[in-house]
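Please read the following points alongside the model, which is shown directly below.

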Amino acid sequence: MKKSIGIIGGMGPLATADLFEKIIHATDAARDQDFPHVIVDCNTDIPDRTAAILSGGEDPVPQLVRSAHALERAGAQVLAMPCNTAHWFYDELCRHTDLPVLHMLRLTADSLEREGIGTVGLLATDGTIRTGIYETLLADRGIKVVKPDAVGQRRVMSAIYDGVKAGNLAAIDIPALRQTLDAMLEQGAERFVLGCTELPIVFSQCALAYSVADPTQILAEAAVAFAGYPVKKLY
């Protein structure tokens, strides 16, 4: 039985659109009617997740739950949340909805384990880094994690916030970002985990040709499969 996919979006809007587009591209379809029914709530009222984690900012859970309920009322039967940092609040969200919520970070860790990756370079928001959620999931699968140094982490955050979220990719210091990535390769990173949903946009738009694990792509394929549609592997 086919299921409708609900996207808890707005974190940020471009990352939401990126997941929707990847769901379409990940579906092995020949006509409009072969694609899954996708319902998107681009809820830009959801407070910043990193601020909530690091500095006691407004709790995003009420708005996450609001979106989940709105999507359920609209007919969604499975939920996807294209924001890595928001998964720190995953358990609390699940307590407020009866719908299954796909866990993007676990799916990513499982994918890396299947591929036999031993060491990854983690690129993520300060909030995701602080929680250690990726490190825990990856360590459970025997995967080591390399993170940027303090300067490199500021470069990653700038690419996310000053670049994609601000709609200004020209603000990204691409040579400096490459320096950070190359330094992580020297520390043994075999693949970069794009642990913020803005980062796949950075890598594609800025022509950063590194080996990556794209959680948005992994989530898209999982959503298509869970909804009962054939998956067209692109990567």
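1. A residue is called buried under 20% relative accessible area, exposed over 50% and partly exposed in between, with a 1.4 Å probe and protein chains only. Ala15, with a relative accessibility of 0%, is therefore buried, and its place is in helix α1 (residues 13-25); helices (H or I, at least four residues) and strands (E, at least two) are DSSP runs, numbered from the N terminus.

2. The model is a predicted one, in which local features need pLDDT of at least 70 and side-chain atom pairs count only at pLDDT 80 or more, whereas totals for chains, interfaces and linings use all residues. Residues are numbered from 1 along each chain as its sequence is written, and side-chain values use heavy atoms, with hydrogens and water left out.

3. Leaving aside residues up to four places away in sequence, Ala15 touches Pro82, Thr197, Glu198 and Ile201, where contact means heavy atoms within 4.5 Å. Pro60, which is 45 residues from Ala15 along the chain, has its C-alpha atom 17 Å from that of Ala15.

4. Two packed helices are described by the angle between their axes and the distance between the axes. Here axes are lines fitted to C-alpha atoms, for helices over the stretch in contact, and angles run from 0 to 180 degrees between N-to-C directions; those under 35 degrees count as roughly parallel, over 145 as roughly antiparallel, 65 to 115 as roughly perpendicular and the rest as oblique.

5. Helix α1 and helix α11 (residues 215-226) cross at roughly 50°, and their axes come within 8 Å, so the pair is oblique. The contact brings Asp18, Leu19, Lys22 and Ile23 of α1 against Thr216, Gln217, Leu219, Ala220, Ala223 and Val224 of α11. By class it has six nonpolar, two polar and two charged residues, where Ala, Val, Leu, Ile, Met, Phe, Trp, Tyr, Cys and Pro count as nonpolar, Asp, Glu, Lys and Arg as charged, and the others, Gly among them, as polar.

6. Helix α11 also packs with helix α5 (residues 104-114), the axes coming within 9 Å and crossing at roughly 100°, and these two helices are therefore roughly perpendicular. Met104, Leu107, Thr108 and Ser111 of α5 make the contact with Pro215, Thr216, Ile218, Leu219 and Ala222 of α11, a set that divides into six nonpolar, three polar and no charged residues.

7. For helix α8 (residues 150-165) and helix α9 (residues 174-186), the packing angle is about 130° and the axes are 9 Å apart, which means that α8 is oblique to α9. On the α8 side the contact involves Gly152, Arg155, Val156 and Ala159, and on the α9 side Ala176, Leu177, Gln179 and Thr180; by class these are four nonpolar, three polar and one charged.

8. With a disulfide taken as a pair of cysteine sulfur atoms within 2.5 Å, the count is zero. Cys83 is in no disulfide, the nearest cysteine sulfur being that of Cys196 at 6.8 Å, and Cys83 is buried at 4% relative accessibility. The sulfur of Cys94 lies 15 Å from the closest cysteine sulfur, in Cys83, which is too far for a bond, and Cys94 is partly exposed at 25%.

9. Most residues other than glycine have a negative phi, and most peptide bonds are trans. Met11 and Gly12 are joined by a cis peptide bond with omega about -5°, and Gly12 belongs to the loop between β1 (5-9) and α1. Ala207, in the loop between α10 (199-205) and β7 (212-213), has a positive phi near 55° and is exposed, with a relative accessible area of 53%.
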